[in-house]
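Below is a brisk report on one model. It moves from backbone features to side chains, then to rings and a pocket.

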Amino acid sequence: DTMVSRGGPRMSKFHFSITVHNKADIIKDVLDGVKKSMGSESHLFPNLDGCTDASEQLIDEWVVENNMQGRVTKLYTPDVHEILSINNIMQNAVPPEGDGYLVVLQDDVILRDPALEHNIETLYRFIKENYNLKIGNLTFRHGVVSNFDHTYQCLGQHSLIEAITGIGFSDRPLRLGEVVERISTIRSPQCYSFDVIRTVGIQDPVLAPFNFDDYDYSIRCVQAGYRNFVMAVNCYSDPNKGS
């Protein structure tokens, strides 16, 4: 039950995507933030998930107002859980070959980082060249060390770290530009390389709508030989306008 606008993904190194459900009050602010953070060759894939308000109309207006024709491809899902919206993005916004990155954000996140693409590429290259590691689930929000308690059949966690742009989970948040490794890294926003999505696959649809997808995907990345990181970037979410 998914649909993609005609034309398919455009080949570029950075693809940005937004999961959108009835955010007419702030969607243009979110789009403005993405534009400030994306390069001149990057492409945007807003996924309209069963919107019943003016979100799509406002996106169309914004495209014209900002001369973004040809750089925005709308995707559609019929009011499904966010996990399934992200799956639709992964399936339609990632080309079958070529290197690149998919940045995914929720519709209440306003990016404020014009150096975002540069910093992402620098981090991937630094981790590869200095530690010979491949990045799996890179998020810009927070992360934890996960452990399994097989006696009680539960997933434990400790050593939570959060970016300074978060909501106060950590008493020692990451300053902008700081990076740490964690087993499970939690959105939003977050970034996947095209290689990770082709190798690890989409989110497990069985988990919709139970919200353990970040943990599951992070662990699957580790099992596939990747390592997961949190990087603090400049972004903002108004707790009164989103989840």
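Helices (H or I, at least four residues) and strands (E, at least two) are DSSP runs, numbered from the N terminus. The model is predicted: local features need pLDDT of at least 70, side-chain atom pairs count only at pLDDT 80 or more, and totals for chains, interfaces and linings use all residues. Residues are numbered from 1 along each chain as its sequence is written, and side-chain values use heavy atoms, with hydrogens and water left out.

Most residues other than glycine have a negative phi, and most peptide bonds are trans. Asp-79 is not a glycine, yet its phi is positive, about 60°. It sits in the loop between strand 4 (75–77) and helix 3. Asp-79 is partly exposed at 48% relative accessible area. Buried means under 20%, exposed over 50%, and partly exposed in between (1.4 Å probe, protein chains only). Asn-132 also has a positive phi, near 55°. Its place is the loop between helix 4 and strand 7 (135–139). At 57% relative accessibility, Asn-132 is exposed.

One runs from Arg-187 to Ser-188, with omega near 15°. Ser-188 belongs to the loop between strand 11 (184–186) and strand 12 (190–193). Another cis bond runs from Ala-208 to Pro-209, with omega near 5°. Pro-209 is in the loop between helix 5 and helix 6.

Which residues does Ile-83 contact, leaving aside neighbours within four places in sequence? They are Arg-187, Gln-203, Asp-204, Leu-207, Ala-208, Asn-211 and Asp-213. Contact means heavy atoms within 4.5 Å. Ile-83 lies in helix 3 (residues 82–93). Its relative accessible area is 0%, so Ile-83 is buried. Its C-alpha atom is 23 Å from that of Ala-54, a residue 29 places away along the chain.

Gln-106 is in contact with Arg-187 and Ser-188, and also with Ile-18, Thr-19 and Glu-82, again leaving aside neighbours within four places. Gln-106 is part of strand 5 (residues 101–106). With 17% relative accessibility, Gln-106 counts as buried. Its side chain makes a polar contact with the side chain of Glu-82 at 2.9 Å. A polar contact is a pair of N or O atoms within 3.5 Å; within protein, one must be able to donate a hydrogen and the other to accept it, and residues adjacent in sequence count only if both atoms are side-chain atoms.

Helix 6 spans residues 213–223. Its buried residues are Asp-213, Asp-214, Tyr-215, Tyr-217, Ser-218, Ile-219 and Cys-221.

## Ser-37 in helix 1

Ser-37 belongs to helix 1 (residues 27–37). Is Ser-37 buried or exposed? Ser-37 is buried, at 1% relative accessible area. A polar atom of its side chain lies 3.2 Å from the backbone oxygen of Asp-113. The side chain of Ser-37 also reaches the backbone oxygen of Gly-33, at 3.1 Å.

Not counting residues up to four places away in sequence, Ser-37 touches Phe-16, Leu-111, Arg-112, Asp-113, Pro-114, Leu-116 and Glu-117.

## Aromatic pairs

A pair of aromatic rings is described by the distance of the centres and the angle of the planes. Rings of Phe, Tyr and Trp (its six-membered ring) pair if their centres lie within 6.5 Å; planes under 30 degrees apart count as stacked, over 60 as edge-to-face and the rest as tilted. The count is six aromatic pairs. Phe-126 and Tyr-131 form an edge-to-face pair, because their ring centres are 6.0 Å apart and their planes lie at 65°. Phe-126 is partly exposed, at 40% relative accessible area. Ring pairs also join Phe-14, Phe-16, Tyr-101 and Tyr-124 into a cluster.

## The second largest pocket

The second largest pocket has a volume of about 320 Å³. It is lined by 16 residues, of which Asp-99, Tyr-101, Tyr-124, Ser-193 and Asp-195 are the closest to its centre. A pocket is an open set of points on a 1 Å grid over the protein atoms alone, where a 1.4 Å probe fits, with protein on both sides within 12 Å along at least five of seven lines; lining residues have an atom within 4 Å of a point. The volume is the space filled by probe spheres set on the points.

Helix 4 (116–131) and helix 5 (194–200) each supply at least two lining residues. Helix 4 gives the most, with four. The lining divides into six nonpolar, three polar and seven charged residues. Here Ala, Val, Leu, Ile, Met, Phe, Trp, Tyr, Cys and Pro count as nonpolar, Asp, Glu, Lys and Arg as charged, and the others, Gly among them, as polar.
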